[in-house]
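Open the structure in your viewer and get ready to select residues one stop after another. The tour below tells you what to pick and what you will find there.

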Amino acid sequence: MLNKFDKLKKILKQKGEKMEKNGDELLLQDDSLITTKTDLRGFITYANFDFIQFSGFSEDELLGSNHNIVRHPDMPRVIFKILWQCIKGGREINAFVKNKNKQGYFYWVYANITPSFGHNGEIIGYYSVRRKPNRAAIPFIDNVYRDLRNVEREAKEQGKHDMVESEKVLAKTLLDLKMDHEVFFITLQKEGKV
């Protein structure tokens, strides 16, 4: 009987692709370029082969599904709050994101998400391109995200607004580093550290 990764490898082998993993983590290759488009509410309207490959879902399962179909529970909610604030405001954002595929594996990406504009300048959807993250940055960002998740969990337990509390912690972290979130994520990707 094949385990879930072997089933995925078998499917990809039939398509002439290969996928590497480290434990439960799927590793993006240098030439991986995961691309999706969504509508204004985050429902997938386009998914390229790399996204289908890493997500483990079929194209039919992905199209029309909310992009959070691959959201990993380790991701702090505040990161998506900031993401949505940026793109709804007409600005692009870069961020490290940990995703979870259909088979239960996870994979880290360095994401660039931008709004798509119509002829009259109105936002008509969103476009996201993800690539291999700087591996040296993953332990650091994983710890930052863990701290933010813990703040969110503790805030909920105390009857406080979880994202407000984690946003305060993130703001203090960035203030201590003398960076905004844009410089923070770009520096981590470029340098592997801050």
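We will visit aromatic rings, a pair of helices, and then a few single residues.

Before the first stop, please note that this is a predicted model.

**Stop 1: Trp 84 and Tyr 126**

Start with the aromatic side chains. The structure holds seven aromatic pairs. For one of them, select Trp 84 and Tyr 126: these rings are edge-to-face, with 5.4 Å from centre to centre and 90° between the planes. Trp 84 belongs to helix H4 (residues 77–88) and Tyr 126 to strand E7 (residues 123–131), so this pair links distant parts of the chain, 42 residues apart. Trp 84 is partly exposed, with a relative accessible area of 26%, while Tyr 126 is buried at 6% relative accessibility.

**Stop 2: Phe 140 and Phe 184**

Now select Phe 140 and Phe 184. Their rings form a tilted aromatic pair, 6.2 Å centre to centre, with 55° between the planes. Because Phe 140 lies in helix H5 (residues 138–157) and Phe 184 in helix H7 (residues 181–191), the pair ties together parts that are 44 residues apart in sequence.

**Stop 3: H5 against H7**

Zoom out until you can see both helices whole. The axes of H5 and H7 come within 10 Å and cross at roughly 145°. To find where they touch, show Phe 140, Ile 141 and Tyr 145 on H5, which meet Phe 184, Phe 185 and Leu 188 on H7. Colour this contact by residue class and you will get six nonpolar residues, with no polar and no charged ones.

**Stop 4: along H7**

Stay on H7 and look at its buried residues: His 181, Phe 184, Phe 185, Thr 187, Leu 188 and Gln 189. What covers them? The cover includes H4, strand E5 (93–100), strand E6 (106–117), E7, H5 and helix H6 (162–177).

Asp 180 caps the N-terminal end of H7, with a side-chain oxygen 3.1 Å from the backbone nitrogen of Glu 182. Just after H7 comes Gly 192, which takes a positive phi of about 85°.

**Stop 5: Ser 55**

Jump to Ser 55 in helix H2 (residues 49–55). Is Ser 55 buried or exposed? At 0% relative accessibility, Ser 55 counts as buried. A polar atom of the Ser 55 side chain lies 3.3 Å from the backbone oxygen of Ile 52. Leaving aside neighbours within four places in sequence, Ser 55 is in contact with Leu 62, Val 70, Asn 101, Lys 102, Gln 103 and Tyr 107.

**Stop 6**

Move on to Thr 45 in strand E4 (residues 44–47). Thr 45 and Gly 64 are 19 residues apart in sequence, with 6.2 Å between their C-alpha atoms. Not counting residues up to four places away in sequence, Thr 45 touches Lys 37, Thr 38, Asp 39 and Leu 63.

Finish by selecting Lys 37 with Tyr 46: the charged end of Lys 37 sits over the Tyr 46 ring, 6.0 Å from its centre. Then select Lys 98, which lies over the face of Phe 106 at 4.4 Å from the ring centre.

Key. Residues are numbered from 1 along each chain as its sequence is written. This is a predicted model: local features need pLDDT of at least 70, side-chain atom pairs count only at pLDDT 80 or more; totals for chains, interfaces and linings use all residues. Side-chain values use heavy atoms; hydrogens and water are left out. Rings of Phe, Tyr and Trp (its six-membered ring) pair if their centres lie within 6.5 Å; planes under 30 degrees apart count as stacked, over 60 as edge-to-face and the rest as tilted. Helices (H or I, at least four residues) and strands (E, at least two) are DSSP runs, numbered from the N terminus. Buried means under 20% relative accessible area, exposed over 50%, partly exposed in between (1.4 Å probe, protein chains only). A charge sits over a ring if NZ of Lys or CZ of Arg is within 6 Å of the ring centre and within 35 degrees of the ring normal. Axes are lines fitted to C-alpha atoms, for helices over the stretch in contact, and angles run from 0 to 180 degrees between N-to-C directions. Contact means heavy atoms within 4.5 Å. Ala, Val, Leu, Ile, Met, Phe, Trp, Tyr, Cys and Pro count as nonpolar, Asp, Glu, Lys and Arg as charged, and the others, Gly among them, as polar. A polar contact is a pair of N or O atoms within 3.5 Å; within protein, one must be able to donate a hydrogen and the other to accept it, and residues adjacent in sequence count only if both atoms are side-chain atoms.
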